[in-house]
Structure formats: structure tokens, C-alpha cells
Amino acid sequence: MKTFLKELIDIKNWKKKTKVTWCVVLAVFAVCLVLSFLKPSESDMKAQASAEMQELLKKDETSSRKRVTVTYNSLFVINYCSFSSSGANAISEKYVGFAGKIFKADTGVGKFTGQMVNYTYRMLGSGENILHGAKLTLFLTTISMVIGVALGTVLALGKISKNKVISKICSSYIFFFRGTPLMIQLFVVYFTVPAVFGFAWRDLFAAGDDQAVYKGAFIAALIAYGLNSGAYCAEIVRAAIQSIEKGQHEAAKALGMSYGQTMKMIILPQSVRRMVPPVCNEFVMMLKDASLVFAISLMDITTISKNIMTSEVSYNVFLPALVIYLIITAFFTWIFDAIEKKFSLYE
Amino acid sequence: MAQNEYILETEHVSKRFGDLVVLKDINLQVKKGEVICIIGPSGAGKSTYLRSLNQLETITSGKIFIKGRLFLHREKDHTVERIDKETQKALLLEMGMCFQRFNLFPHKTVLQNIMLAPIEVKHEDKETVKKEALELLKKVGLYDKANEFPNHLSGGQQQRVAIARALAMKPEIMLFDEPTSALDPELVGDVLQVMKDLANEGMTMLVVTHEMGFAKEVADRVLFMADGIIAEEGTPDHIFNHPENPRTQSFLRSVLNV
């Protein structure tokens, strides 16, 4: 038991001792599972309202104009419920439920906890469509990086090609997309392109679709981000290809392999491992650049937190935003580490 | 053109990098089964000559014939006679090459290294190729390393795999570019043994080497190259025991510490 605890504290060796890591993960998961079962139910939370508030709620049932706003959020192991009435003598009550108990959350630690739960819930985009909050950020980053790596490989091969025309075209593309701000590129794709060619991004979707505007903006963002990361990935791929020693080309040539075969079977597979760390870096940059979509009305983590800040005048809102970004980054860094390890098998 | 008796022939091969002349008008005829060792000081153009034979270096001018057929003809840095791609590739594959730094493909196992070119370039049947590859590995004494990655092997083992990889293409000529120069002294022996076996089987070999012992023992003919020309050539006995050219004499004196 003592050694087990020692291993737990010894964070440096966690990677080697995956067993221990898994134990920790499973333990945390088990605790969360228990806590989530103990979590007070929605009806319990809603029943907490004071007598005064109950009265208002009862009145609301019959009147068409509601005076009380009820918010209920459930986040993994903790839940949050707030009642607030509008009008001359407005009152508001907040409650946090945790481990079978319900706490009042109007002041101090309770208030802070309640805020965190509420904000995190909204930033994760729980209950909303997939183009909302953290889900939007994730989708946008992942898909545009996939586009970027594919496009980057093509551009890199073009840039090192012996055909001067192809090489020039690819270099110019990279020069253009690395030399202009991503936000302007986003504006050009979202505003200028439809204006010039006479269409609107929302037209891509059915007229009855009430999400058409957001979906259209998402497609535009995807294109802008994909084209942009293509330029950065091209340089990463090119550097990786050119870092493979000349002898590999010579050996392949002496065996009668064509340029295409050499690239496909010898050079690119070897460059993948060298690409992983800089691509991971680019991924993390892209994840944070994704916050620029606030400019075209998409609701990502950053947009939501800014909206909450202005509407509720609460500056705590940026704390859960930081944590969410950190968790996403940590997750992808871990994935890229695993990929790198897989490809370093032969070294 | 009656070059048929020679498996490899070069006429007036020259190469220059700008003003620097690397090869000056080299003529060589190689008979089938001949083992030729090329010795000489560094910078003499030994490696460049060997590499220009299979087009890793582009020659400035000259003709190269393989098995009596024109493989390359260039004058003043331009190809004079165009040889159709199929023929040229077929002739290129008659030459197998081993490099000083092995140049094995590190992301493929030993077996995959050997099997890759026969399958992808010659489109041979996979099962047959595998059988032959394992046979070759047995020959170079590395049968048990078939599924290792090259970087997990010693230098000597890697070079033997490289030889097996070149042999898998069934070349008629083997080119060795300082095959033992990057090896620890104690690992040289195994590689040389494999090369000796190959020579005894009647393989035509061109070996750029600093292993004078090997040249003495195995070579049919030794070429001494200096300053881009073949300064002297002859039997090992002639070159090592009765060299005529003063350059050869001084080179051998410094190498053999006589």
C-alpha cells in the first residue's frame, strides 16, 4: 500500500507505470459514479424554493406572463438550480446539490461553486446542438486540422517538386496564407466570397432549418481554418521530408523505385514521426485560434464566456473557460504522445 | 558495336562540378564474373565513378554500356542518345548497390527491406519473394533477425542485410561503395566473408575499398585511382608488389605503413 501511494505521488514515472495511471483513472471514475448517484434529483432541487418563491411559481402556472426564471443544470456529480423573479421586489435564490445534500448558494463559496457549475454547463454546450460551446471548438479544430494535414502534404510535395510552375504555385499559396491574419481570411471566406459569387452560406442548408445560419458559418469557418492550417502544415511536412537523409532516396533509386514510390513507401512514412510534435503544436494553436469565430457569430467557448461576462457582470466566468481549454489540450497532447510512441517503434 | 564480351563498359566518362574536374576520361571494361577493387586516396573520384554507373551521379560526358547495350550517352551535360525508359530501368536493375552507410529503410523490418523492391518494382509474387528473401538471409547469416528493425542490429549486420537487399533484385553486377568503412573493425570480417562468398559464386563486383587485404585476396584486377583518373591498373600482385606509378607507390607506402 505504501509503495502504491509512493508511485501515485511520483508523477514523473506515470507514463511508464500505466498500470498506476489506470488505477487512478478508474478510482476517480468510481468516485464520480458514486457521487453522481448520490446527486440530488431535479425535483428535489426545484422543491427547495422558499415559500415566497413557491407562491410566485404557483401564480406563474396560471398567468401567461412568467415572472420567475428557473434554471437547472446538472454537471457530472454536481447540480445547480436557481430561481429569480423579475419585477419591483425581485428576489433570487440559488442552490447547489452535491453528494446527497443541497446547499444554499447565494453567497461565498456556495455562490462561487454555483457560478462555476452554471458557466461550465453553458460553455460545454450541454443540451444545445453540436455547433455550440466546447463541441463547436472541438469539431472545428479537429476537422480543419485533418483538412490541413492532407492539404499540407500535397502542398509540401508540390513545393519540393522539380516542376517550377507547381513549386511556385505552392510556395505562393503558403506565402499568402502565412502572411495574412487568420481573422481576415475568415472574413474573406465568410463575407467577401459569397458577395462576389452571389450566394449565402446559409443557402447550403434547407430553407426550413432554423440552424442554417450557424451551419453555414461553420462551413465557412471550416474552409478558412482548413486552408490556413494547410499552409502551416505544408511547412511542417516539408521540413520533415527534407530531414530524411539523402541516403534513403539513393537506396530507393538504386533499387529501381520511382520518385512516387520512394515518397509513398520510404520518405513519407519516416517523416510522419518527425511531423507529430510540430503538428501537435499546430493543433494546440488552432484550438486557441478557433476562438476567432466569435467574429462570425458562432458560439464557441470564448464567445459564450464573453457573453456571460457582459450579461451577468461576472468576471469569474473566465476561470472555467481556462480549465476547459486546458483539459482539451491535455487530452490531445496525450493522444499525440501516443501516436509519436507508436511511430518511434523502430528507433 | 561488339561489346558483348563485356558485362560493363565505360567510355570516356568524365564529370565536373563547375570548374572542379572529378573524373577525367575513364575507360573500363569489365568481364562477367570479374572482381574489381578500386583503391586510392580520398577525393580521387572512386565513389563518384561507382555512383555514376547507376546514375546516382550524373556524368558530364561519356558512354556507359551494360551487357553490351547502351545505358547512357551524354556529352557536355546533355543526354545525346535517348534510351527508352523501360530498357534503361531494366539495365539499371542489373546493378545492385551497397552503400557505406547501409541506407536500410529504418521503418521496415529486415524482411520487409529485402522484399520491398522485388514486389513493388518487379511485381513478383509475394510468397516467392518471401521464400527467396529468407534464403538470402540464411546466406548472409541473419535468418533469425528477419523480423527485427534495422536500427536494432549492429553495423555489420545492417551491411549484410543491405547486401541481401541488393541481391534480392537478382543483379548481375554488384557495386560496393566502401562497404566496411563505417564499421567497427571487429565487424568488418563478417561483411568481407559474405562478399568473398559472393565473389566465389561468380558475381561480377566493383568494390571501392580501403581493405587492402580483401583486394589482395579476392580481386581479379585492382584499379588505383588518383585525381580523377585510373593512374594504374593490374593484378593485385602487380599493384601491391610491383607498382610502377610513383603515386601508387607513395599511396601504398602510407596505407600499408611499409
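Let us start with one residue: Thr120(A) is buried, with a relative accessible area of 16%. The cut-off for calling a residue buried is under 20% relative accessible area, so Thr120(A) falls on the buried side. Thr120(A) sits in helix 5 of chain A, which runs over residues 108–124. If we leave aside neighbours within four places in sequence, Thr120(A) is in contact with Leu75(A), Pro320(A) and Ile324(A). Please keep in mind throughout that this is a predicted model.

Chain A contains 13 helices and four strands. How does the radius of gyration of chain A stand against that of a compact globule of 347 residues? The globule would come out near 20 Å, but chain A has 26 Å. Of the 347 residues in chain A, 39% count as buried. The accessible surface of the chain comes to about 19300 Å², and 68% of that area belongs to carbon and sulfur atoms. Among contacts in chain A with a separation of 6 or more, 64% are accounted for by residues 24 or more positions apart. As for charge, chain A carries 37 positive and 24 negative side chains, with the centres of the two sets 8 Å apart.

Now for chain B, which has nine helices and eleven strands. Its radius of gyration is 18 Å, close to the 18 Å that the globule rule gives for 258 residues, so chain B is as compact as a globular protein of that length. The C-alpha trace of chain B spans about 50 × 50 × 35 Å along its principal axes. Buried residues make up 57% of the 258 residues in chain B, and the chain exposes about 11600 Å², of which carbon and sulfur atoms supply 46%. Among contacts in chain B between residues at least 6 apart in sequence, 63% join residues at least 24 apart.

What lies inside? In soluble globular proteins, nonpolar side chains tend to be buried together. Here the largest nonpolar core has 95 residues. Which residues have the most contacts inside this core? They are Tyr225(A), Leu8(B), Leu53(B), Ile64(B) and Leu206(B). Leu53(B) is a handy one to follow: apart from neighbours within four places in sequence, Leu53(B) is in contact with Leu8(B), Thr10(B), Ile64(B), Phe71(B), Met95(B), Leu175(B) and Leu206(B). A second, separate core has 50 residues and includes Phe102(B), Met195(B), Phe214(B) and Ala226(B).

Asp25(B) has a phi near 50°, a positive value in a residue other than glycine. Asp25(B) lies in strand 2 of chain B, residues 20–31. Is Asp25(B) buried or partly exposed? At 42% relative accessibility, Asp25(B) counts as partly exposed. Glu178(B) also has a positive phi, near 45°, and is likewise a residue other than glycine. Glu178(B) is found in the loop between strand 8 (173–177) and helix 6 (185–200) of chain B. With 12% relative accessibility, Glu178(B) counts as buried.

Notes:
Residues are numbered from 1 along each chain as its sequence is written. Chains are lettered from A and ligands numbered from 1 in the order in which they are written. This is a predicted model: local features need pLDDT of at least 70, side-chain atom pairs count only at pLDDT 80 or more; totals for chains, interfaces and linings use all residues. Side-chain values use heavy atoms; hydrogens and water are left out. A nonpolar core is a set of buried Ala, Val, Leu, Ile, Met, Phe, Trp, Tyr and Cys residues joined through side-chain atoms within 4.5 Å. Buried means under 20% relative accessible area, exposed over 50%, partly exposed in between (1.4 Å probe, protein chains only). Contact means heavy atoms within 4.5 Å. Helices (H or I, at least four residues) and strands (E, at least two) are DSSP runs, numbered from the N terminus. The radius of gyration is taken over C-alpha atoms; the globule rule is 2.2 Å times the number of residues to the power 0.38. Accessible areas come from the Shrake-Rupley method with a 1.4 Å probe; for residues, only the protein chains shown count as cover. Lys and Arg count as positive and Asp and Glu as negative; His and the chain ends are not counted. The place of a charge is taken as NZ of Lys, CZ of Arg, CG of Asp or CD of Glu.
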